[in-house]
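The sequence and structure come first.

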Amino acid sequence: MGTRHGQYWKPAECDVPLRPGWFYHPEQDSRVKTPTQLFDLYFKSVGRGAALDLGLAPTPEGRLHPADVASLQGLGQLLRQTFSRNLAQTATLTASNIRGGAAARFGPQALLQKASATYWATDDSVTNPQLTLRWAAPVTFNIVQVREHIALGQRIEALEVDKLTPQGWQTIAQATSIGANRLIRLPAYHTTRALRIRITQSPVCIALAALGVYKEPEQLPLPRISRQKSGQVVLQSPTAVHQIRYTTNGATPTAASALYTGPFSLPQGGLVKARAFNASGQAGAVASQLFGLPKQGWQVRSASGQSPAAGGAASHAIDDDPATLWHTWINDTAHLPAPQSITIDMGQTHTIYAFTYLPRQTGPWGIVKNYQWEASLNGGQWQTLAQGEFANILANPVEQLIPLASPVQARYFRFTGLTAAQHQYISAAELGVIGQPLSPHTGPNQ
């Protein structure tokens, strides 16, 4: 993104908290972003020319929690393992064009020098050059880095990366904006003796300042934990793994933990932790997901406002589908303003330890800022259990956990959105109830 011929270069900034929120909460100690997640964020921010502003949340004692420290150390180790060896340094580089034939000044070897003032450049008339790297023996990689000489502006608009195969050149990656830094991360490893970079679109001659070819260490992916509408918990891996093991008591999964073989029941909700293992017994990062009480049999008793015609039926707040919403928006010129309430009948009496509110994931509209939770045994006499503000929720629209000062018995609960953070109507993707005690560090105990 940007404006061609603009007067200033303005680097982007990516603000992300290490935890689910910007401030320290002990119940989030098991939900710190893993090194693998941070590594992925690095490519999506630094790898696209932005500054990664990682928000750290000290404890009340002014220290980082050991879980936060371990995650940051893991990220540092991944970065060192990945970028300590630039395979391009061992390749022979040839360019289809060198500006004025001055190889000493503008040749491709400048791409491997650390001096910031050196760069490979082409003649004014050459806007689609090619650069070829050749190795004496095959190399394996999955990351290609290119950087423009940003002092001369952002020039390149598109490029393609090819690898040499026995059948000829094969395109393995495409990229558009390059700028000060671009890390092209391929979803699979590639092995080849030759690599080619083709500049396919540039309004003027190019000026590339750096080139890198790297291989990231093999990683065990973070499992995905979800719950079906039937209440069954499902564990999935984005790539093939030897096995996934899990716990439901807050403990870290080990090779002796339960082996995942299919969906399993979690009748009272709770904290599920899972991690992948390879055939050698090595373990990946731990994924965790806190589930409230299953919502089978729950019904909306009443709602002060809803907009079924616009997809905002109140029942969407308890359907275990984050993609659907309860909202009070009617159309572009009309809505039902805050405050708005919804009352839920859970079908039977439960012990409530906390409530959860999941804001819409598709934008800021109607996200609740100030809230109130009430509960009742009979639907007639109500007790206010919690009131407050979802701090910084627009910048961090994750599921909000509202612990109670002490557990209560209730069959009914009422959620009221007192104010909206943006646009004065109310929306909610999901409302939930935690039916297990919350420990200070591991979430609910089983």
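Contact here means heavy atoms within 4.5 Å. The model is predicted.

Helix α2 covers residues 66-83, 18 residues in total, and spans 26 Å from its first C-alpha to its last, close to the 26 Å expected at 1.5 Å a residue. Its buried residues are D68, S71, G74, L75, G76, L78 and T82. These buried residues pack against α1 (35-45), β5 (130-148) and β9 (207-214).

Strand β26 (residues 430-434) is mostly covered, with five of its five residues buried. In a regular strand the side chains alternate between the two faces of the sheet. In β26, E430, G432 and I434 point one way, while L431 and V433 point the other way. Strand β21 (residues 340-358) pairs with β26 in the antiparallel sense over five bridges. In this pairing T356 stands opposite G432 of β26.

The structure holds 17 aromatic pairs. Two of them are tabulated here.

| Pair | Distance between ring centres | Angle between planes | Class |
|---|---|---|---|
| Y42 and F83 | 6.2 Å | 45° | tilted |
| F106 and Y119 | 5.7 Å | 50° | tilted |

Y42 lies in helix α1 and F83 in helix α2, 41 residues apart. F83 has 23% relative accessibility, so it counts as partly exposed. F106 belongs to helix α3 (residues 103-106), and Y119 to the loop between α3 and β4 (120-121). F106 is buried at 11% relative accessible area, and Y119 is buried at 15% relative accessibility.

Ring pairs also link W298, F355, Y357, Y371, W373, F390, F413 and F415 into a cluster. Charged side chains meet rings as well: the charged end of K215 sits over the ring of Y189, 5.3 Å from its centre, and R414 lies over the face of W382, 4.0 Å from the ring centre.

How values were computed:
Residues numbered from 1 in each chain as written. Predicted model: local features only at pLDDT ≥ 70, side-chain atom pairs only at ≥ 80, totals over all residues. Heavy atoms only, no water. Helix = DSSP H or I, 4+ residues; strand = E, 2+ residues; numbered from the N terminus. Expected span 1.5 Å × (residues − 1). Buried < 20%, exposed > 50% of the residue type's maximum accessible area, 1.4 Å probe, protein only. Pairing = 2+ DSSP bridges. Phe/Tyr/Trp six-rings, centres within 6.5 Å; stacked < 30°, edge-to-face > 60°. Lys NZ or Arg CZ within 6 Å of the ring centre and 35° of its normal.
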